[in-house]
Amino acid sequence: MKWKVTALIVSLGLLSGCGNSATETIYQHLEKAVELEEPFVSQQQSLQEAEEKEYQLYEKMIALGTEEMEELSNLSDQALESVSEREQLMESEKESVEQSKEEFDQIQSAISDLEREDLQDLVNQLEEEMNARYSSYGELYDHYIAAIEEDRKLFTIIKDEELTMDSLQEQIDQVNQQYDLVHEKKEVFNHHTQSYNKLKRSFYEEAELDVHYEE
């Protein structure tokens with residue numbers, strides 16, 4: 001599973017035109033919020049690698065017969081360890097997103113100080129979109145943690161000598177259903193992220209900030 005937070009801004013030059021202290025304050029909070037999400041962004045590769053590792057271990061487990069329980073148990077333990085590592089990564093990500101939201105929320109006090117009403121309206125739209133984004137991340141996180149728990153159940157029962165094919169298939173179905181929900185929530189999160197970045201660019205342009213972009 002992958003999602004992307006795009007850091008659009010590289011640097012800010014001199015404020016010009018209708019730029020004022022409120023504009024600069026909002027800019028600083030917005031970019032600090034991006035910076036605080038860096039752990040969230042940087043850990044996506046680690047999550048993906050762990051998922052791929054677990055899938056490879058699962059393929060090996062399925063290929064083993066019941067007479068090879070020792071090897072099956074060893075592979076299962078490796079997969080369970082990887083599942084726990086992913087859970088820790090998600091907790092770290094969630095913390096960085098929460099810190100980012102706390103920083104972002106500080107723009108509220110500066111909105112009414114903007115000199116132009118159209119800029120106030122634009123920042124209000126920006127705030128609404130970002131709040132929707134944070135909310136969608138919360139749902140994505142909840143479903144991903146639930147999916148992790150289903151993975152944990154799968155890798156635990158797979159080394160049960162009394163496991164039946166029906167029980168195994170039932171748990172596999174549970175795993176797949178949960179990841180379908182994760183995918184749906186990821187799409188919603190990505191949509192809000194893209195919309196937010198477009199609004200943020202519009203605000204910087206309308207406020208006539210000398211901003212350099214990197215996409």
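Is the crossing of α6 and α7 left-handed or right-handed? I began my notes with this pair, keeping in mind that I am reading a predicted model.

**Entry 1: α6 and α7**

I looked up how these two helices pass one another, and I find that the crossing of α6 and α7 is left-handed. Their axes come within 8 Å, and the angle between them is roughly 160 degrees. Since angles over 145 degrees count as roughly antiparallel, I therefore write down α6 and α7 as roughly antiparallel to each other. I then sorted the residues of the contact of α6 with α7 by class, which gave 25 nonpolar, 11 polar and 11 charged.

**Entry 2: α1 and α7**

Next I turned to helix α1, residues 21–36, and helix α7, residues 165–206, whose axes come within 12 Å and cross at roughly 150 degrees. That angle makes α1 roughly antiparallel to α7, and I noted the crossing of the two as left-handed. On the α1 side I listed Thr23, Ile26, Tyr27, Leu30, Glu31 and Val34 as the residues making the contact, and on the α7 side Tyr196, Lys200, Phe203 and Tyr204. Divided by class, the residues of the contact of α1 with α7 are 7 nonpolar, 1 polar and 2 charged.

**Entry 3: α3 and α6**

I went on to helix α3, which spans residues 44–63, and helix α6, which spans residues 117–157; their axes come within 12 Å and cross at roughly 25 degrees. Because angles under 35 degrees count as roughly parallel, I recorded α3 as roughly parallel to α6. The crossing of α3 and α6 is left-handed. From α3 the contact takes Leu47, Glu51, Glu54, Tyr58 and Met61, while α6 contributes Tyr144, Asp151, Leu154 and Phe155. When I grouped the residues of this contact of α3 with α6, I had 6 nonpolar and 3 charged, with no polar residue among them.

**Entry 4: the largest pocket**

Lastly I looked for open space, and which residues lie closest to the centre of the largest pocket? The pocket has a volume of about 360 Å³, and of the 13 residues that line it, Tyr55, Asp151, Val175, Asn176 and Tyr179 are the closest to its centre. I asked which helices build the lining, and found that α3, α6 and α7 each supply at least two residues. The largest share of the lining, 5 residues, comes from α3. By class, I count the lining of the largest pocket as 7 nonpolar, 1 polar and 5 charged residues.

Methods
Residues are numbered from 1 along each chain as its sequence is written. This is a predicted model: local features need pLDDT of at least 70, side-chain atom pairs count only at pLDDT 80 or more; totals for chains, interfaces and linings use all residues. Side-chain values use heavy atoms; hydrogens and water are left out. Axes are lines fitted to C-alpha atoms, for helices over the stretch in contact, and angles run from 0 to 180 degrees between N-to-C directions. Helices (H or I, at least four residues) and strands (E, at least two) are DSSP runs, numbered from the N terminus. Angles under 35 degrees count as roughly parallel, over 145 as roughly antiparallel, 65 to 115 as roughly perpendicular and the rest as oblique. A crossing is left-handed if the near helix is turned anticlockwise from the far one by less than a right angle, and right-handed if clockwise. Contact means heavy atoms within 4.5 Å. Ala, Val, Leu, Ile, Met, Phe, Trp, Tyr, Cys and Pro count as nonpolar, Asp, Glu, Lys and Arg as charged, and the others, Gly among them, as polar. On a 1 Å grid over the protein atoms alone, a cavity is a set of points where a 1.4 Å probe fits but cannot get out, and a pocket is an open set with protein on both sides within 12 Å along at least five of seven lines; lining residues have an atom within 4 Å of a point. Grid points are joined across faces, edges and corners, and a volume is the space filled by probe spheres set on the points.
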